[in-house]
Amino acid sequence: MVFNDQVTVFVVEDDDVDFMTIKRSFAKTRITNPLVRATNGQQALTMLQNKAVAYPFVILLDLKLPKLSGLELLSSIRADAGLADAVVFILTTSSDERDIIRSYQHNVAGYFVKEQAGSHFLDICQVLNGYWQTVHFAAQG
Amino acid sequence: MRARRLLLIDDNPDDIMLVTRALRKQSGWQYEIDLAYTSEEGIRAAAAKRYDCILTDYNFPGISGMELYIRLASCCPATPIIVLTGQVDQAIAARLIKQGAQDYINKGAMSSEKLHQLICDAIAGKNNDVNSAAPGKEEYDVLVVDDNEDDVEFYIRGLSKLDPGYRFSHVNSGQAALKVIDMRPPDCVLLDYCLPGANGLDVLNRILMLRPHLPVIILTGQGSETIAVESIKRGAENYMVKAQFSPELLHRNIREAVSLKRLENALAAKEHELETKNRELNKTNAFLDMVLDIMPGYFFVKDENFKLLRANAQFIALYPDKSKDKIIGYTTVEDYTEEDARAFLENDCLAFKHGKHETNETILFPNGEQRTLFTQKKRFTDEDGQHFLMGIASDVTEREALISQLQKSNADLEEFAYIASHDLKSPLNGIRKLVSWIHDDYREQLPAEVQEYFSLINSRAERMARLLEDLLEYSRIGSRLTAPETIQLHDMVADEHQINDGHANFTVHVPQVEVVMPRIGLQIVLVNLLSNTIKHHDTGKGHIRLLLNQAPGGYQLEYKDDGPGIAAQYHHKVFNMFQTLRPRDEVEGSGMGLAVVKKVVEHYQGHICLNNCADGVHFSIFWPYSTTEGAARENGNGI
């Protein structure tokens, strides 16, 4: 059994303000899970492959990223036997249906559109918090 | 085994061998051939014995071919004569046949079968001639020109006894004869050569000048070959020596002369008719050639072996000058790249197989130009059952290049709008977040003025976000539009009306009709028009009226509201992008609404205009009926 506050939240986000938004929202909703950040897709992939992110973890992935884009990173994760089962949420400014469709084709657990600041993002935090409180993660294999 | 007796008159042993061998080969027939090596020998033989057919050479020393023929024909008029010629001289052949020769054959191109057939036809033809002139069947109006009453009496009495169809008139001078012939031409003239005070040949000349087609038989007291030949040369039909003929022979000669002339006349009439037809045909052909050369495109006809049979000037121009004479009658595949040739031959096969074929093909032509053609090929069959292919191709090189350029620039534009609005959105969101954090965390510490500034920053950022959102929406219209379907207009308007804030204060009148239109396109148009009315209404309460009429080729939609309307001087601006007529601080809007409406309508080849009217706005939209073809195009390559 994994305690829910042991789930690491791995944020792949190049925008400092967006990352601050997540930190602020977590603080406001009293989510204490450890936050780990990568600022581009390539860095994220390297960290995952080097096991630099403690298991269990969920990934909060932006689609617009320098070097390796979010969808490219997602493809690499799904193609990597050691990472294929990672839980990934998309958190992006894009509400383009093409992006949504392609993301779900890569088996993401959810797709969130970053909207305006304010209470909206707090809702997303609630959903995430609820998710790892109720969902069972596989023991690391 | 059937037997035939032939007389062969020829001075060349090789030719004699050729003919005798050819006829010996004809199984089922026994040809008994008498040979004559000179013209004189031939004439003697023809007079002495009855033959089924005479074959004669044309060139003998001392006598012209025509003369020989005439002499042969006069000593055995019922025997068919076939002339053997060395080289095909159509003019000579035609003259001989006109004179009564049954046929001619070119020695160089003679085969056993052909010669045999010719002989059979000649014999059959001659029999027909004799039969058709059988007594009692026809009437003969004969003018006898003779000053010897006894002779006249002899002819009339003898001929009348043989055939009751004779009618005679009699004059005794050339002068009188010409008068009668001028007034009422007879079927035949019997002309005494020796008339008082006149030369027979002169009279003959004058008769034939008057009536070139009148058969004249010269009768003379003394047999003179020179006179005979001269008469025939001048156009007399025949020549007879008075003391040497019986009424029967005269009768036969008259009949032959008349029927020959009649046939000649019929032939001449036919020839004339043929000539007229030929001229018409030539005219039609010339016209067709002109049309084919004028038409903007390529035209060609191929046979089943892919050989070109016909092509217009444009097609010929696709070849370099040096190979222009190697087009008609050739497949010309070697003038193309292997790949191109294979492609169009495959298409030819498909067209032959299915009856027609059409394609867009890019071909490197022999003149070095690469062109894209829209080619249609159609199979047709001629009277003999031969299949052909007719091809018409129009040059679409420039059009295709434009289309692909346009497609690319459209895609580029869309991509640009997508990326731009997307990438601009992130920093904007950052700004808005930071402002909201300042508001959340430090509101109490900030002077009211600064708070006011921050709220202005926030509203500007929000406006920019909306502009970006609408821009993105605009760029994506093309990819979202769909094929037409059946829609209840009333229900759809009601649904779209609900979407806009403040709709409750506005009533919409829509007819209960069914339309076939693209759903999403119509939705976008309606929601934008409705929102436009609600947003800009001066009293915040009003009525909207929508009318739908059938116009030629499409629907005519009329949209009217009772708002403040739009001043005429701004009409040309309202459909522009980001165009608002009121400050955004009064009415929040990106100014994209009507631009979006226009883009959708024009995507479907329709048009929208804003009408002048006293109160409210009045938009007229023409929306073309969707054709299945149009629908297919939409589905096939939505922008």
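Author: A salt bridge is a side-chain nitrogen of Lys or Arg within 4 Å of a carboxyl oxygen of Asp or Glu. By this rule, three salt bridges are found across the interface of chain A and chain B. The model is a predicted one, in which local features need pLDDT of at least 70 and side-chain atom pairs count only at pLDDT 80 or more, whereas totals for chains, interfaces and linings use all residues. Residues are numbered from 1 along each chain as its sequence is written, chains are lettered from A and ligands numbered from 1 in the order in which they are written, and side-chain values use heavy atoms, with hydrogens and water left out.

Reader: What makes Asp441(B) and Arg24(A) a salt bridge?

Author: Their side chains meet with N to O at 2.6 Å. The cut-off is 4 Å, and therefore the pair qualifies.

Reader: What area do chain A and chain B bury between them?

Author: They bury about 1,600 Å², 48% of it on carbon and sulfur atoms. Buried area is the accessible area (1.4 Å probe) that two parts lose on being put together, summed over both.

Reader: Why is Arg371(B) called buried?

Author: Buried means under 20% relative accessible area, exposed means over 50%, and partly exposed lies in between (1.4 Å probe, protein chains only). Arg371(B) has a relative accessible area of 17%, so it is buried. The side chain of Arg371(B) meets that of Asp395(B) in a salt bridge at 2.8 Å, N to O. This pair links distant parts of the chain, 24 residues apart: Arg371(B) is in strand β16 (residues 370-381) of chain B and Asp395(B) in strand β17 (residues 387-395) of chain B. Asp395(B), at 28% relative accessibility, counts as partly exposed.

Reader: How do you know whether Lys408(B) is buried or exposed?

Author: Its relative accessibility is 52%, and therefore Lys408(B) counts as exposed. Its salt-bridge partner is Asp412(B), at 3.1 Å, N to O. Asp412(B) has a relative accessible area of 41%, so it is partly exposed. Both residues lie in helix α13 (residues 397-442) of chain B, four residues apart, about one turn of the helix.

Reader: What separates Glu602(B) and Lys598(B) along their helix?

Author: About one helical turn separates them, because they are four residues apart in helix α17 (residues 593-603) of chain B.

Reader: Why does Leu191(B) count as buried?

Author: Its relative accessibility is 0%, so Leu191(B) counts as buried. Leu191(B) is found in strand β8 (residues 188-192) of chain B. Not counting residues up to four places away in sequence, Leu191(B) touches several residues, among them Val145(B), Gly200(B) and Ile218(B).

Conventions: Helices (H or I, at least four residues) and strands (E, at least two) are DSSP runs, numbered from the N terminus. Contact means heavy atoms within 4.5 Å.
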